[in-house]
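Hello,

Here is the structure I promised to pass on to you. Please open it alongside this email, and then read on for what was found.

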There are 2 protein chains.
Amino acid sequence: MAFQNHELMESDNRPIGVFDSGIGGITVLREVLRKFPNENFIYLGDTARLPYGSKSAATVRNYSVQNMKYLVSQDVKAIIVACNTASTQIIETEFENRPVYNVIDPGSFLASQKTENNKVAVLATRATIKAGSYTNKIKSFKPEIEVFSQACPLFVPLAEEGWTDDPITNLVAFRYLQNLKTLGVDTVVLGCTHYPLLKNSIEKVFGLYVEMVDSGEAVALQVEDDFNSAKLHRHQFANEKPKITIALTDQSEHFEALSSELLRPVSNAEIHFETVSVI
Amino acid sequence: MAFQNHELMESDNRPIGVFDSGIGGITVLREVLRKFPNENFIYLGDTARLPYGSKSAATVRNYSVQNMKYLVSQDVKAIIVACNTASTQIIETEFENRPVYNVIDPGSFLASQKTENNKVAVLATRATIKAGSYTNKIKSFKPEIEVFSQACPLFVPLAEEGWTDDPITNLVAFRYLQNLKTLGVDTVVLGCTHYPLLKNSIEKVFGLYVEMVDSGEAVALQVEDDFNSAKLHRHQFANEKPKITIALTDQSEHFEALSSELLRPVSNAEIHFETVSVI
């Protein structure tokens, strides 16, 4: 009992660090924040160097390590790689003694758990599909799963235009996804951090009997496991409002408006924006 | 007479160099090729480093100069900067004794000539609109022109998907352009080299009484002026099929298919693809 009590008392008020090349990772932050509303967060958006998708593996790794070093310099207790392209290059699970979570592993694991007919669709950018990371990872959990991949290049610009609940987006979703529907998949991985913004349109195509896997929700479950096993400690005794710092490598008003809109419904945290250099 | 005869006889079989960050500049090559079917061309697509639109001015200039040096090493007789972002940084009209043509100056000039009611619309990427180059240049030719700018961020991904004659593209065009139509513009500048691929959809919004300015056509007119003034010499006596070399800094099958499809209808030239390094 004494030990358990001690575990409950342990509190760590350092922020959780999250990074992406741009706005997409905010959907990951949103899900983690929804699950852990007491935590403080630093979100780093490397907007000066986006997009990562068209860059070489070495450059993506180099930028990602710079981003992680920046987050460590801000004394984070854990790092979430909220970017699929960066997640293909950051396979380590620890960085300078902090746990590191990528988005591909937990999303793949959750998909392998959820599917009942072993037919899983992965929706992602051309680069992520080409890298094959989701297919390999999902099959590593359950080799009998058939994975069908679909690149949806218009989804990111549609999300960035803010056309997230829009007849045009519904038509585009239908165009990309109708074949997958015919194939009878029962689980759909949203394999790009922008795609949860288009969940309504995607659900309109697949209907209610298909499970969506959102990377943010999947990462949040993994963080929860680590809180429960005391690998990480929660921020237990929050006397003040939690704080979210959104640090961008290039200023963007568009980003501020869109991220506030996304985070406000799940949190009353203070949101503070700043421009930083990570080099 | 003797002098004129001499002028007519002068022939220069060196290729014309054209560069862009990606596929868009092929629409410029197409228009120049249509007007000068005897010429040889080298098209450099810097696909390894695209897009330029989100990069700093210094980086865009640096990459553009590297591209021009590569074209000079291939012994071109002239250089066409077939990229709007690069055109904002390459303002010189000569490079290592070759004439240099950007896409902004001739497009702006043509628009200032074509408009009768002095209301011109510029359609371009967010970066080009933000740079204001078209507005400034058009007004420098004719200050009384009112210039209305509209960023159309979905046009490039729609063109790259090949959805160039498509109901979805028509809807997107209508969404972006309906306000401009209401404003009564009589001239529309396609201020991004991808946009001519969506000309049909754009025309469906504006109707037949609005003039479109295509950068490729505008550059071809400027090259024609220089041929006529003997600043440049044509390839006069072509005994063999003209040659088009398409050099990419990163391989892309998608690029090969799309560019062949665009160029075939205007030319019977031999098209040859290769991967090169420009650094």
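Predicted model: local features only at pLDDT ≥ 70, side-chain atom pairs only at ≥ 80, totals over all residues.

Residues are numbered from 1 along each chain as its sequence is written, chains are lettered from A and ligands numbered from 1 in the order in which they are written, and side-chain values use heavy atoms, with hydrogens and water left out.

How the two chains are related

Where the chains meet

The contact takes 20 residues from chain A and 20 residues from chain B, where contact means heavy atoms within 4.5 Å. The copies meet through the same surface, because 100% of the interface residues of chain A are also interface residues in chain B.

The size of an interface is often given as the accessible area lost when the parts come together. Here chain A and chain B bury about 1,600 Å² between them, with 62% of it on carbon and sulfur atoms. (Buried area is the accessible area, with a 1.4 Å probe, that two parts lose on being put together, summed over both.) A:Leu154, A:Ile168 and A:Arg175 supply 32% of the area that chain A buries against chain B, more than any other three residues.

Four salt bridges are found across this interface. B:Arg175 forms a salt bridge with A:Asp166, and their closest N and O atoms are 2.7 Å apart. On the side of chain A that touches chain B, α9(A) gives the most, with six residues. Helices (H or I, at least four residues) and strands (E, at least two) are DSSP runs, numbered from the N terminus.

Salt bridges within a chain

Over all chains, the whole structure has 34 salt bridges. In one of them, A:Glu31 pairs with A:Arg34, the closest N and O atoms being 3.0 Å apart. Both residues lie in helix α2 of chain A, three residues apart, about one turn of the helix. Is A:Glu31 buried or exposed? A:Glu31 counts as buried, at 8% relative accessibility, whereas A:Arg34 is partly exposed, with a relative accessible area of 47%. Buried means under 20% relative accessible area, exposed over 50%, and partly exposed in between (1.4 Å probe, protein chains only).

Now compare A:Glu211 and A:Lys114, whose side chains meet in a salt bridge (3.4 Å, N to O). This pair links distant parts of the chain: A:Glu211 is in strand β9 and A:Lys114 in helix α5, 97 residues apart.

A:Thr27 is found in helix α2 of chain A and counts as buried, at 0% relative accessibility. Leaving aside neighbours within four places in sequence, A:Thr27 is in contact with A:Thr193, A:Pro196 and A:Leu197.

A:His235 is in the loop between α11 and β10 of chain A, and at 12% relative accessibility A:His235 counts as buried. A polar atom of its side chain lies 3.0 Å from the backbone oxygen of A:Asn38.

In chain B, B:Ser112 is found in helix α5 and is buried, with a relative accessible area of 5%. The side chain of B:Ser112 reaches the backbone oxygen of B:Phe109 at 2.7 Å.

Enjoy looking around!

Best wishes

Key. Polar contact = N/O pair within 3.5 Å; in protein donor to acceptor, adjacent residues only side chain to side chain.
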